[in-house]
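Hi everyone, thanks for coming. I'd like to walk you through one structure today, so please have a look at it while I talk.

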Amino acid sequence: MSLYSFGLEPLSCHAWSKDRTQIAISPNSNEVHIYQKKEKEWIKIHELTEHSGRITGIDWAPESNRIVTCASDRNAYVWTLKDGVWKPTLVLVRINRAATCVKWSPLENKFALGSGAKLISVCYFEKENDWWLSKHIKKPINSTVLSLDWHPNNMLLAAGSADLNCRIFSAYIKDIEDRPGPTPWGSKMPFGELLLEYKECGGWVHSVCFSPSGDALAWVSHNSAISVADATKGKEVTQLTTGHLPLLSILYVSETEIVAAGHDCCPYQFSYKGPGCLEFVKKVDIPKQSSKGNMSAMQHFRNLDKKAITEEEDTDLGSLHQNSITQLCILEGLKAKVVKFSSVALDGAMVVWDFKH
Amino acid sequence: MAKNTLSSRFRKVDIDEFDENKFVDDHDEAADQQGPDAVEVDNLIRQYPLIAQTVVLRVLTSFRSSDIEPAVKSLDKNGVDLLMKYIYKGFERPVENSSAILLQWHEKAFAIGGLGSIVRVMTARKTV
């Protein structure tokens with residue numbers, strides 16, 4: 001694993017380019033910075049400055065090489081690279097509150113945007129008029145949409161919300177695609193159809209993630225719990241309450257293994273084998289080597305003299321990240337067998353983690 | 001030696017429990033003998049929330065310090081979360097020396113439940 005610090009500002013979100021040599025991040029401001037990897041260093045090559053509000057979501061489509069960004073200024077832009085410069089295109093999302101998260105669909109022909117307007121805006125490109133249109137999913141969302149994830153079939157969309165519910169909607173847009181086949185979640189899927197609604201998750205649902213096959217949906221909520229809904233077992237939900245601080249981001253690294261991270265500043269691994277079998281596996285972090293034992297007598301007296309302390313006081317946390325992890329992202333490997341994943345946190349650092357199956 | 005073929009379950013019965021003079025007592029005295037966990041008691045009186053709080057508080061304060069740890073260990077995950085809720089409710093309405101005992105309860109419950117159990121007290125919609 002390796003850590004790279006992008007400065008002192010918290011990193012709100014990040015996204016990788018297809019070949020993973022470029023990363024787009026936002027340092028808690030209205031700008032997106034794109035960095036290029038050069039050996040061990042990252043060099044800033046682009047600054048995307050169209051937004052007027054704090055950036056809340058970035059997603060980079062690997063095949064079509066487009067970046068979508070959304071911010072608290074109620075706008076979303078789709079950026080395309082032309083002659084080495086990223087050009088923005090405004091998307092009419094028609095929301096009257098801040099956007100909170102954005103995700104490209106697997107086939108990259110549409111993207112979903114969550115907002116504080118209690119709705120999800122599913123946007124697609126209309127060729128005739130050369131602009132991006134949006135369709136809204138409103139019912140029965142009662143509060144801010146905090147997180148989104150697409151099902152691998154490009155049709156179903158999971159949404160975690162501040163109204164303590166986790167839902168799966170159909171985002172099938174008949175203008176641009178064929179009708180989807182049936183899935184374990186349901187077979188009738190007109191746009192906006194509710195296929196799963198799990199109420200009373202116990203807290204705000206910070207992050208949702210579909211399993212690689214799409215048959216299970218995992219989410220983390222603010223009551224320090226992780227839950228999994230299993231479509232193949234009658235949509236049964238298994239919840240595991242943890243003794244840690246709430247988790248903020250969740251990621252499937254294989255069909256049964258899940259990694260989640262949050263306010264405890266380090267990722268945890270969980271395993272889901274079936275209804276009722278959701279368990280904590282281990283902490284994914286190297287414990288910090290304590291150097292207390294190796295302090296010489298000279299060092300002792302020096303500390304006493306300079307700082308009037310008798311022992312080495314370590315104010316660092318024992319984890320790589322020094323502040324809450326806000327987002328996890330697959331870096332290397334297929335969805336069903338992730339080899340590396342990245343995390344960004346409020347300490348301004350990005351860490352690459354190795355995962356051994 | 002002949003095997004004891006008679007049932008010896010009678011040896012496990014505490015005859016004092018069934019003494020008629022004792023029957024009139026309320027929950028906290030019974031608690032002194034058995035050391036019931038907060039979950040059992042509050043399940044019985046769930047319909048009366050304010051009374052429930054007072055009774056649970058009396059049960060918790062009547063425990064000896066050495067009994068607290070085994071009592072907390074006997075609870076399952078949900079029990080520990082529920083205990084935490086009552087502990088914090090007890091902090092809200094302090095009664096004489098209650099806070100000191102409650103702090104001891106808090107320490108033991110925290111050792112088992114971790115920060116997650118405290119977070120769940122804060123985020124829970126159903127208060128006790």
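This is a predicted model: local features need pLDDT of at least 70, side-chain atom pairs count only at pLDDT 80 or more; totals for chains, interfaces and linings use all residues.

**Where the two chains meet**

Let's begin with the contact: 10 residues of chain B touch 13 residues of chain A.

How much area is buried between chain B and chain A? It comes to about 830 Å², and carbon and sulfur atoms give 53% of that.

Now for the charged side of things. Between chain B and chain A the count is 1 salt bridge. The partners are A:Glu200 and B:Arg125, with their closest N and O atoms 4.0 Å apart. In terms of polar contacts, 7 residue pairs turn up across the interface of chain B and chain A.

Which part of chain B gives the largest share of the side that touches chain A? That would be helix α6 of chain B, residues 98–123, which supplies 8 residues. If you sort the side of chain B that touches chain A by class, you get 2 nonpolar, 5 polar and 3 charged residues.

Let's turn to chain A by itself. Its secondary structure comes to 1 helix and 28 strands. Along the principal axes, the C-alpha atoms of chain A fill a box of roughly 75 × 55 × 35 Å. The radius of gyration of chain A is 21 Å, and this agrees with a compact globule, because one with 357 residues would have a value near 21 Å.

Finally, two spots in the backbone of chain A. As background, most peptide bonds are trans, and most residues other than glycine have a negative phi. With that in mind, look at the peptide bond joining A:Lys139 and A:Pro140: it is cis, with omega about -10°. A:Pro140 sits in the loop between β13 (131–137) and β14 (145–150) of chain A.

You'll find A:Lys118 in the loop between β11 (110–115) and β12 (120–126) of chain A.

How values were computed:
Residues are numbered from 1 along each chain as its sequence is written. Chains are lettered from A and ligands numbered from 1 in the order in which they are written. Side-chain values use heavy atoms; hydrogens and water are left out. Contact means heavy atoms within 4.5 Å. Buried area is the accessible area (1.4 Å probe) that two parts lose on being put together, summed over both. A salt bridge is a side-chain nitrogen of Lys or Arg within 4 Å of a carboxyl oxygen of Asp or Glu. A polar contact is a pair of N or O atoms within 3.5 Å; within protein, one must be able to donate a hydrogen and the other to accept it, and residues adjacent in sequence count only if both atoms are side-chain atoms. Helices (H or I, at least four residues) and strands (E, at least two) are DSSP runs, numbered from the N terminus. Ala, Val, Leu, Ile, Met, Phe, Trp, Tyr, Cys and Pro count as nonpolar, Asp, Glu, Lys and Arg as charged, and the others, Gly among them, as polar. The radius of gyration is taken over C-alpha atoms; the globule rule is 2.2 Å times the number of residues to the power 0.38.
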